[in-house]
Amino acid sequence: MRIRSLRKARGWSLDNLAERAGISPSQLSRIETGHRRINLDQLTAISAALGKSLDELVESPDDSDIVIRPDRDDSRGLTTWLLSKDNGPHGLTVAKMRITDQAGGVTPDDLGVHPGRDWFTVLSGTVVLYLGERVIRIETGQAASFSTMTPHAVRSDRGPAEILCILDHNGERSHLHP
C-alpha cells in the first residue's frame, strides 16, 4: 500500500487524511503500518480523499516500475510529471509541467497565494507569469523565482509551454493537488 507515502507527499498529517476519509486516525495509523487489514469501504474512502484510483493506491512501492506517468488536469490545462516522489531532497518536490491554458483573461480570482517560494525554468515555449499587478513573459531557457505570498498564476503564451519546477510543501499542495 502506498497510503503513507501519498499522504506525506501532500504534506498531510494522519489526522488530515483520516478526517478527509471519514475514519479515525488510530485506524488509519494501523492500516498504514500493516497492523490492520483495510476493508473495501475504507480503501475507497482513502482513495477518494487522496484523489487516486484504487490501483494507484495499492500498486507496489518497489522500483520495478521506473516509468513516470503524466497526471492530466484538463480543467486547468495542465499535465504534470512528478520527478521526485515521497518528498524530494530537503522536502522539495520537483515536477515537469506542460501548460496549455493560454494567457489572457486572467482575473484576480485566478491568482493563487500560499506561503513559500516557487522556482521554475522554461524548457520549451513561452510562459506568462501573472505576479500581483505585473505580467512577465519568460522564454525558453529563462527561469523565475518568486515569493508565493504574491498572488500568482502561470499560463502559456501562443501554444503549449513546458516548465521544470521546484516547489516547497505549500507549493506542491497548492499547484499539484488543488
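Trainee: What should I know about the model itself?

Mentor: It is a predicted model, in which local features need pLDDT of at least 70 and side-chain atom pairs count only at pLDDT 80 or more, while totals for chains, interfaces and linings use all residues. Residues are numbered from 1 along each chain as its sequence is written, and side-chain values use heavy atoms, with hydrogens and water left out.

Trainee: Back to β8. Which sheet is it in, and in what order do the strands come?

Mentor: An open sheet of three strands, ordered β6-β5-β8, with antiparallel pairing. The edges are β6 (134-138) and β8 (152-156), each pairing on one side only. From one strand to the next the twist averages 20°, where axes are lines fitted to C-alpha atoms and angles run from 0 to 180 degrees between N-to-C directions. Two strands pair if DSSP finds at least two bridges between them.

Trainee: How many bridges join β5 to β8?

Mentor: Five bridges join β5 (residues 127-131) to β8. In β8, Arg155 is the bridge partner of Val128, and Ala153 stands opposite Tyr130.

Trainee: And how many join β5 to β6?

Mentor: Five bridges, and those strands run antiparallel. On that side, Val128 stands opposite Arg137 in β6.

Trainee: What sits between β5 and β6 in the hairpin?

Mentor: There are two residues between the strands, and Gly132 takes a positive phi near 65° in this hairpin.

Trainee: New topic. How many salt bridges does the structure hold?

Mentor: Eight. A salt bridge here is a side-chain nitrogen of Lys or Arg within 4 Å of a carboxyl oxygen of Asp or Glu.

Trainee: You mentioned Arg137. What does its side chain meet in a salt bridge?

Mentor: Asp157, at 2.0 Å from N to O. Asp157 lies in the loop between β8 and β9 and Arg137 in strand β6, so the pair ties together parts that are 20 residues apart in sequence. Asp157 is buried at 15% relative accessible area, while Arg137 is partly exposed at 40%.

Trainee: What else does Asp157 meet?

Mentor: The side chain of Arg158, in a salt bridge of 3.0 Å from N to O. Arg158 is exposed, with a relative accessible area of 68%. Salt bridges with shared partners join Arg137, Glu139, Asp157 and Arg158 into one network.

Trainee: And Lys96, which residue is its salt-bridge partner?

Mentor: Glu162, with the closest N and O atoms 3.2 Å apart. Lys96 is in strand β3 (residues 93-99) and Glu162 in strand β9, so this pair ties together parts 66 residues apart in sequence. Lys96 is partly exposed at 24% relative accessible area, whereas Glu162 counts as buried at 15%.

Trainee: Now the inside. How many residues are in the largest nonpolar core?

Mentor: It has 16 residues, and those with the most contacts inside it are Phe120, Val127, Ile163 and Cys165. A nonpolar core is a set of buried Ala, Val, Leu, Ile, Met, Phe, Trp, Tyr and Cys residues joined through side-chain atoms within 4.5 Å.

Trainee: Which strands supply it?

Mentor: β3, β4 (117-124), β5, β7 (143-147) and β9 each supply at least two residues. β9 gives the most, with four residues.

Trainee: Last one, the outside. Which residues form a nonpolar patch on the surface?

Mentor: Leu92, Trp119 and Ile166, with about 210 Å² of accessible area together. Patches are made of residues with over 30% relative accessible area and no salt bridge: like charges are joined within 9 Å, and nonpolar side chains (Val, Leu, Ile, Met, Phe, Trp, Tyr) within 5 Å. The areas come from the Shrake-Rupley method with a 1.4 Å probe, and for residues only the protein chains shown count as cover. Ile166 is in strand β9 (residues 161-167).

Definitions and conventions. Buried means under 20% relative accessible area, exposed over 50%, partly exposed in between (1.4 Å probe, protein chains only).
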